[in-house]
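Q: Could you take a close look at one helix for me and show how it sits in the fold around it? I'd like to follow it from the chain as a whole down to its packing.

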Amino acid sequence: MPANPEQRSYHTEGPGRTAELGRRLAGQLEPGDTVLVSGDLGAGKTCLIQGICAGLGVGEPVTSPTFTLVNEYDGRLGRVRVAHFDLYRLDSPDAVLELGFDEYVDTCVCLVEWGDKFPEIMPSDAITVHIEIGDGTRRVLEITGAGDLVSDPEEAAP
């Protein structure tokens, strides 16, 4: 990632639009890429990740691994492995590493809910997404390191 990666803001209205932004982000991802997703409870982290997984060709239901801590999926007809982490319940970087995080980072597309909890062990070139809750179902997503995802200029925040 460049020394000063570009940060862009996107507004979404409703879970479908948040998931669609995730599908567009998936088009830029390859094994070895990591996406760190943060935001308050109920902000839409899992919704965004469901969109990313759909864009990567995951055909099974995608749920947050709140208690299992990591879910694995096959995407793009088995050519891309996806590892979906939820770090909410973990209390140390060592606990994340004990899950085999380092091995996943090398071979999978890694999607990390609560990815801001342990920045010291996250890849330096990770894409970061912070989701803010707006009015109703409106969300503002601040994405760093993913380039320009906007195809509809109305989705870019002013």
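A: Happy to! Let's start with the order of elements: from the N terminus, the chain reads β-α-β-α-β-β-α-α-β-β-β, giving 4 helices and 7 strands. Please keep in mind that this is a predicted model. Of the 158 residues in the chain, 46% are buried. Among contacts with a separation of 6 or more, 66% link residues 24 or more positions apart.

The 7 strands make an open sheet with mixed pairing, ordered E1-E7-E6-E2-E5-E4-E3. Strand E1 (7-13) and strand E3 (70-75) are at the edges with a single partner strand each, so one side of each has no neighbour in the sheet. On average, neighbouring strands are turned by 20 degrees against each other, direction ignored.

Now to H1 itself. Helix H1 (residues 15-26) packs on this sheet and touches E1, strand E2 (34-39), strand E6 (127-133) and strand E7 (138-144). The direction of H1 makes about 140 degrees with that of E1. With 12 residues, H1 spans 17 Å from its first C-alpha to its last, close to the 16 Å expected at 1.5 Å a residue.

Which residues of H1 are buried? They are Thr18, Ala19, Leu21, Gly22, Arg24, Leu25 and Ala26. As for the spacing, an α-helix has 3.6 residues a turn, so residues three or four places apart point the same way. The buried residues of H1 pack against E1, E2, E6 and E7, and also against helix H2 (45-55).

The largest nonpolar core holds 26 residues, and Val35, Ile52 and Val129 have the most contacts inside it. H1 is one of the elements that supply at least two residues each, along with E2, H2, E4, strand E5 (109-113), E6 and E7. H2 gives the most, with 4 residues.

Key
Residues numbered from 1 in each chain as written. Predicted model: local features only at pLDDT ≥ 70, side-chain atom pairs only at ≥ 80, totals over all residues. Heavy atoms only, no water. Pairing = 2+ DSSP bridges. Axes fitted to C-alpha atoms, helices over the stretch in contact; angles between N-to-C directions. Contact = heavy atoms within 4.5 Å. Expected span 1.5 Å × (residues − 1). Buried < 20%, exposed > 50% of the residue type's maximum accessible area, 1.4 Å probe, protein only. Core = buried A, V, L, I, M, F, W, Y, C linked by side-chain atoms within 4.5 Å.
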